Amino acid sequence: MKISREKWSSNFSEWFDWVISQAEIYDYGRYPVKGSGVWMPYGFKIRQNVTNLIRKLLDDTGHEEVLFPLLIPEGLLKKEGEHIKGFEKEVFWVTHGGEEELEEKFALRPTSEVAITLMESLWIKGYTQLPRKFYQIVSVFRYETKATRPMIRVRELTTFKEAHTVHETFEDAAKQVDEAVEIYSRFFDILGIPYLISRRPEWDKFAGAEYTIALDTIMPDGRALQIGTAHHLGQHFTKAMDYKVQRADGSHVHPHQTSYGISDRVIATLISINGDDHGPILPPVVAPFEAVIIPIPGKTDEDTEKINRYAGEIESTLKTNGIRVTLDASEDKTPGEKYYIWELKGVPIRIEVGTRELNAGTVFLKRRDTLEGKAVKKDDLIKEFRNLEDQISADLRKRAWEQFRERVKRFQNLDEAKKFLDNRGGIAEVPWCGQDSCGLKIEEEVQARVLGAPLKPEPSGNCVVCGKPSTNILRIAKTY
Ligand code: ZN
C-alpha cells in the first residue's frame with residue numbers, strides 16, 4: 001500500500017488508500033482474509049457516529065432493532081428460489097462443526113430476508129399487528145469475485161444497516177419504500193452527501209423484489225457509487241414460505257414486505273466527497289473530534305507550561321459544553337507535524353494557543369475546509385465555535401452539491417454520453433422510450449451501467465436507441 005501523499009482530484013484511488021491507512025481509519029489488505037478490513041480506533045469512532053445517526057432516524061420512525069443469528073441453514077435460504085439464484089455464487093458456506101461434517105450446511109448471512117420472514121411468521125399473525133418494522137446492524141458476507149476495494153467492494157460488509165418490514169397490502173409496502181427513501185435522504189442530507197434517487201431497471205433490481213429504488217452518489221474519480229437501496233418485496237417471500245396473516249374480514253393473505261439497507265460505503269463516501277490534498281474533511285456532526293487543540297511552545301519552559309495550562313482550560317470549557325475535543329500535548333512532535341496529522345484525520349476545527357493567545361486571552365480557530373483562521377476571545381469561544389461549525393457544515397454541503405451537479409449531464413445522443421463517461425465525467429442522462437431492450441442496448445453501447453430512471457418521469461427528446469418519443473430519461477454511469 002502506498003503511503004506517500006496523493007492528490008485528491010487527480011489520483012483519487014491512491015489518495016483514498018493513503019488516507020485510510022495514514023489517518024488510521026481502516027487497515028485493509030494486511031489481515032489475511034481477502035476482502036476484509038479492520039476498523040482502527042479512529043475509524044471505528046467515525047463508524048460509530050454514523051451508525052448512531054441512522055439508528056436514531058430508524059428508531060424515531062417506529063423501527064425496532066433486532067439481532068438475528070449469523071448462520072442461515074441451507075434449506076431455509078433456498079426457500080425463495082429467485083432470491084437465492086441472485087446470491088448463489090456469493091454465499092460463504094459453513095460445512096463443518098469441529099471434525100464432523102454438518103448434516104445441513106449453513107450460510108454466512110448474505111442478506112436476511114428469509115431468516116427474518118421465518119420469525120415474522122411466528123410473531124405476527126393478524127392485521128392488528130401490522131405494519132411491523134425491524135432493523136439490524138450486522139456483518140453480511142458476499143463472496144465477491146470482482147476485484148475487492150476497501151469499504152466499497154468487500155467480502156465482509158461490517159456495518160450493514162438492514163431494515164425489514166411487513167404490511168397488509170401492496171400499497172402499504174409501497175408507502176414504506178417511500179418512507180425508506182425519505183429516511184435515507186435525510187440521513188445523507190445530514191452528512192452532506194449528494195445523491196440521485198433512481199428506480200433501478202427491471203434487469204438490475206434486487207433478486208426477489210417487485211422493484212428497487214436506489215440512491216447513488218458520484219465519487220471524485222467520476223464513478224457512481226450505490227449508497228442505499230430500498231426494495232418492495234411484494235409477496236415473494238411470504239408466498240415462498242406460505243406465511244399468511246388474518247385480515248379484518250377473517251380471510252387469510254400473504255403479507256407484503258420491504259427491505260432496505262445501507263453499508264459501510266457511507267463512510268467511504270463521507271471521507272472522499274469532502275476531500276483535498278491534505279486529506280478528508282469530516283463534517284462536524286460525525287467527526288470523532290470536532291476540534292483539536294494544539295499548544296504552541298513558548299520561549300521558555302515556564303512560558304510553555306503556562307500555555308499548556310491555558311490549553312487545558314480551553315479543553316475543559318469545550319468538553320463541559322459537550323464538544324468532542326482532543327488536546328494534542330505530545331512533546332515529540334512540532335506544531336507543524338501535528339497540523340499535518342490532524343488535517344489528514346479531517347478534524348473540522350483546529351484551535352491554536354501560543355504566547356500571543358495566552359497574553360490576549362484569545363484562541364486561534366482554524367477551519368479545516370478553507371484553512372482560514374481567526375482569533376476569538378476566550379469568553380466568546382463556545383458561541384463562536386458553534387457558529388463556525390454551522391458555517392463549515394453548510395459550506396461543505398454546498399461544495400459537495402455543486403461538484404455533484406456539475407457531474408450530472410444530459411445528452412441527446414449516445415456518442416456524446418459515451419465520451420463523457422469514458423472521460424469519467426460522472427452520471428449521464430439520456431432520453432429513453434421506457435423499453436428494457438433499449439436500456440440494455442444503451443448499457444452495451446456505452447460500456448457502463450444503467451442506474452435507472454427518476455421516480456418522476458422527465459421525458460425529453462427521443463429515445464437514443466430507437467428514436468421513439470421518450471417517456472423518461474435513463475441515468476448511466478461507470479460504477480464500482
Ligand atoms: Zn427506445
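**View A. Strand 17 and strand 19 run parallel, joined by five bridges.** This is a predicted model. Strand 17 covers residues 291–295, and strand 19 covers residues 349–353. Within this pairing, Val292 stands opposite Arg350 of strand 19.

**View B. Strand 19 also pairs with strand 20 (residues 362–367), in the antiparallel sense.** Four bridges hold this pairing. Glu352 has Phe364 of strand 20 as its bridge partner.

**View C. Strand 19 is covered on both faces.** One side carries Ile349, Ile351 and Val353. The other carries Arg350 and Glu352. Each of these residues is buried. Five of the five residues are buried, so strand 19 is largely enclosed by the rest of the structure.

**View D. Thr158 sits in strand 8 (residues 156–167).** Its relative accessibility is 16%, so Thr158 counts as buried, the cut-off being under 20%. Contacts beyond four places in sequence are with Trp39, Arg47, Val138, Ser139 and Asp264. The side chains of Thr158 and Asp264 are joined by a polar contact of 2.4 Å. Val38 lies 120 residues from Thr158 along the chain, yet their C-alpha atoms are separated by 9.4 Å.

**View E. Helix 1 (residues 12–22) crosses helix 8 (residues 265–273) at roughly 105 degrees.** The two axes come within 11 Å. Helix 1 contributes Phe12, Trp15, Phe16, Val19 and Ile20 to the contact. Helix 8 contributes Ala268, Ile271 and Ser272. Seven of the contact residues are nonpolar, one is polar and none is charged.

Methods: Residues are numbered from 1 along each chain as its sequence is written. This is a predicted model: local features need pLDDT of at least 70, side-chain atom pairs count only at pLDDT 80 or more; totals for chains, interfaces and linings use all residues. Side-chain values use heavy atoms; hydrogens and water are left out. Axes are lines fitted to C-alpha atoms, for helices over the stretch in contact, and angles run from 0 to 180 degrees between N-to-C directions. Helices (H or I, at least four residues) and strands (E, at least two) are DSSP runs, numbered from the N terminus. Contact means heavy atoms within 4.5 Å. Ala, Val, Leu, Ile, Met, Phe, Trp, Tyr, Cys and Pro count as nonpolar, Asp, Glu, Lys and Arg as charged, and the others, Gly among them, as polar. Buried means under 20% relative accessible area, exposed over 50%, partly exposed in between (1.4 Å probe, protein chains only). A polar contact is a pair of N or O atoms within 3.5 Å; within protein, one must be able to donate a hydrogen and the other to accept it, and residues adjacent in sequence count only if both atoms are side-chain atoms. Two strands pair if DSSP finds at least two bridges between them.
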